[in-house]
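Hi everyone, thanks for coming. Today I'd like to walk you through one protein chain, and please have the picture open while I talk.

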Amino acid sequence: MIDSSSRPLAVFDLDNTLADTAHRQHFLEKRPRDWDGFFAAAPQDPPLAEGVALALESARDCEVVYLTGRPERCRRDTLEWLAAHGLPEGPVHMRGDADRRPARSTKLRILRRLARDREVRFLVDDDELVCDEAERAGFTVVRARWAARSAALEEAQERDGRT
């Protein structure tokens, strides 16, 4: 049952929604992909102004929740990055370190779990497949199209299940 006394949730992806990953894409373009290098460089991500502004605006009416494909081992760096860039505090849902399922399935599972007792006002994500699945499941989606597209990242999100 949905708790109508609680503020609704605004759910935000991180990579290429709030954080600009362009400077670390080269780690995904070579074979084998250098996942350790890719995630180690995340603390240097510049913020994406459009995403940050939307998160700050959303915090007025909603509880902000973060839903990322980053592995759990990146939690400390992720929390420090969010705080350093003035983003609203909120729960951060991360992928298990060994979880390689596509982002569209892992994120939808978490969205459905969140929606069991809270209204999910919307999801903000750059991954088109995640957005498509969320819309098919009845969620309102804001497609984060303010970062440069990366074929390497898109393939990694779907095939490798790493972000």
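I'll start with the whole chain and then go inside.

Keep in mind that what you see is a predicted model. The chain has seven helices and five strands. Reading from the N terminus, their order is β-α-α-α-β-α-β-α-β-α-β-α. The radius of gyration is 15 Å, close to the 15 Å that the globule rule gives for 163 residues, so the chain is as compact as a globular protein of that length. Along its principal axes, the C-alpha trace spans about 50 × 30 × 25 Å. Buried residues make up 49% of the chain. And of the contacts with a separation of 6 or more, 72% are between residues 24 or more positions apart.

Now find strand β1, residues 9–12. Which strands does β1 pair with? One is β2, residues 63–71, in the parallel sense over four bridges; here Leu9 stands opposite Glu63. Another is β4, residues 120–125, which also runs parallel to β1 and is joined to it by four bridges. On that side, Val11 stands opposite Leu123.

Look at the side chains of β1 too. In a regular strand, side chains alternate between the two faces of the sheet. Here Leu9 and Val11 point one way, Ala10 and Phe12 point the other way, and all of them are buried.

Phe12 leads us to the largest nonpolar core, which has 25 residues. Phe12 is among those with the most contacts inside this core, and so are Trp81 and Leu87. Several elements each supply at least two residues, including β1, β2, β3 and β4. Helix α2 gives the most, with three residues. Apart from this core lies another, of 16 residues, with Leu9 and Phe139 among them.

Let's zoom in on Trp81. Setting aside residues up to four places away in sequence, Trp81 touches Leu18, Ala19, Ala42, Pro43, Asp45, Pro46, Pro47 and Leu87.

My last stop is His93, in strand β3. Is His93 buried or exposed? Buried means under 20% relative accessible area, and His93 is at 16%, so it counts as buried. Leaving out residues up to four places away in sequence, its contacts include Tyr66 in one direction of the list and Ile110 and Leu114 in the other. Ile110 and Leu114 are themselves buried, and they sit in helix α5. That helix has 13 residues and reaches 18 Å from its first C-alpha to its last, close to the 18 Å expected.

Conventions:
Residues numbered from 1 in each chain as written. Predicted model: local features only at pLDDT ≥ 70, side-chain atom pairs only at ≥ 80, totals over all residues. Heavy atoms only, no water. Buried < 20%, exposed > 50% of the residue type's maximum accessible area, 1.4 Å probe, protein only. Pairing = 2+ DSSP bridges. Expected span 1.5 Å × (residues − 1). Core = buried A, V, L, I, M, F, W, Y, C linked by side-chain atoms within 4.5 Å. Contact = heavy atoms within 4.5 Å. Rg over C-alpha atoms; globule rule 2.2 N^0.38 Å.
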